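Here is a short tour of one protein model. Keep the sequence and the 3D view side by side as you read.

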Amino acid sequence: MKYNSSEMMCLDIYLSSLSDKEHDKIKHQIKSSKAKISPLSSWDIYRPNYFKTLDKQRKKRDLKVVNSFFKKEKWSNDFQSVFKNQEFEALVITDLNQRIIWVNEGFTKMTGYSKDFAINKTPHFLQGENTCSSVKKKIRTKLKKSHPFKEVITNYRKDNSVYNCEVRIIPLYCNEKVTHFLALEKEVI
């Protein structure tokens, strides 16, 4: 009897679920196939979904932490609207002097720098030779105006590789004064 690859895969799954004792009982009924065995493709389907689920859970945790900052600092920004329809890999919260007070795991994944390393530094440590000085100047000017903005800047990872980072900066208000900045960041091409 010939089996196609999906039947072989089903047989493989079935056989792998048997105990040694159960396998010994039926092994004489199993004929070796000359069919080319391919990797288990169902794991290939499961794996991307697994990583999407993990990513959603990470983002949910990140939003929970940022929400706790919102409550602690009494920021008057509408938390829901800040994140509505926003894609991000990294989240960074800075004080008025752009000193980092918190970063998420996505920041570490994107830059290679640990949370501990980033805390109390300015994002300047991410810049290097190919970081455009006019973009840096635009960002400084926009920060002084205290309005939300988006900019793309060339940054450097810990391993010194270059990446373009889209930064969406949102000033955070308490009692009608800007007290902190929130950056939603993602790598762009």
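## Strands that pair

β4 and β5 run antiparallel, and eleven bridges join them. Helices and strands here are DSSP runs (H or I, at least four residues, for helices; E, at least two, for strands), numbered from the N terminus. Two strands pair if DSSP finds at least two bridges between them. C165 has E187 in β5 as its bridge partner. The two strands form a hairpin with two residues between them. In that turn, N175 has a positive phi of about 50 degrees.

This is a predicted model, in which local features need pLDDT of at least 70, side-chain atom pairs count only at pLDDT 80 or more, and totals for chains, interfaces and linings use all residues. Residues are numbered from 1 along each chain as its sequence is written, and side-chain values use heavy atoms, with hydrogens and water left out.

## The rest of the sheet

β3 and β4 also pair in the antiparallel sense, over eight bridges. K150 has R168 in β4 as its bridge partner. The hairpin of β3 and β4 has five residues between the strands. There, N160 takes a positive phi near 75 degrees. On to β1 (residues 90-95): β1 pairs with β5 (residues 177-188) over six bridges, again antiparallel. L91 stands opposite L184 in β5.

How do the five strands line up? They form an open sheet in the order β2-β1-β5-β4-β3, with antiparallel pairing. β2 (100-103) and β3 (149-156) are the edge strands, and each pairs on one side only. On average, neighbouring strands are turned by 30 degrees against each other, direction ignored. Axes are lines fitted to C-alpha atoms, for helices over the stretch in contact, and angles run from 0 to 180 degrees between N-to-C directions. Helix α7 (residues 133-145) packs on the sheet. It touches β3, β4 (162-174) and β5, where contact means heavy atoms within 4.5 Å. The direction of α7 makes about 140 degrees with that of β3.

The largest pocket holds about 510 Å³ of space. A pocket is found on a 1 Å grid over the protein atoms alone: it is an open set of points where a 1.4 Å probe fits, with protein on both sides within 12 Å along at least five of seven lines. Lining residues have an atom within 4 Å of a point. This pocket has 25 of them, and the closest to its centre are Q98, P123, Q127, I139 and L143. The elements that give two or more residues to the lining are β1, α7, β3, β4 and β5. Which element gives the most? α7 does, with five residues. By class, the lining has 15 nonpolar, six polar and four charged residues.

The second largest pocket holds about 270 Å³. Among its lining residues are D55, R58, F88, E105 and M110. Helices α3 (41-73) and α5 (105-111) are the elements that give two or more residues to this lining. Its classes are two nonpolar, two polar and seven charged residues.

## A link between helices

The structure holds nine salt bridges. Each is a side-chain nitrogen of Lys or Arg within 4 Å of a carboxyl oxygen of Asp or Glu. One of them joins the side chains of E105 and R61 (3.6 Å, N to O). E105 lies in helix α5 and R61 in helix α3, so the pair ties together parts that are 44 residues apart in sequence.

Conventions
Grid points are joined across faces, edges and corners, and a volume is the space filled by probe spheres set on the points. Ala, Val, Leu, Ile, Met, Phe, Trp, Tyr, Cys and Pro count as nonpolar, Asp, Glu, Lys and Arg as charged, and the others, Gly among them, as polar.
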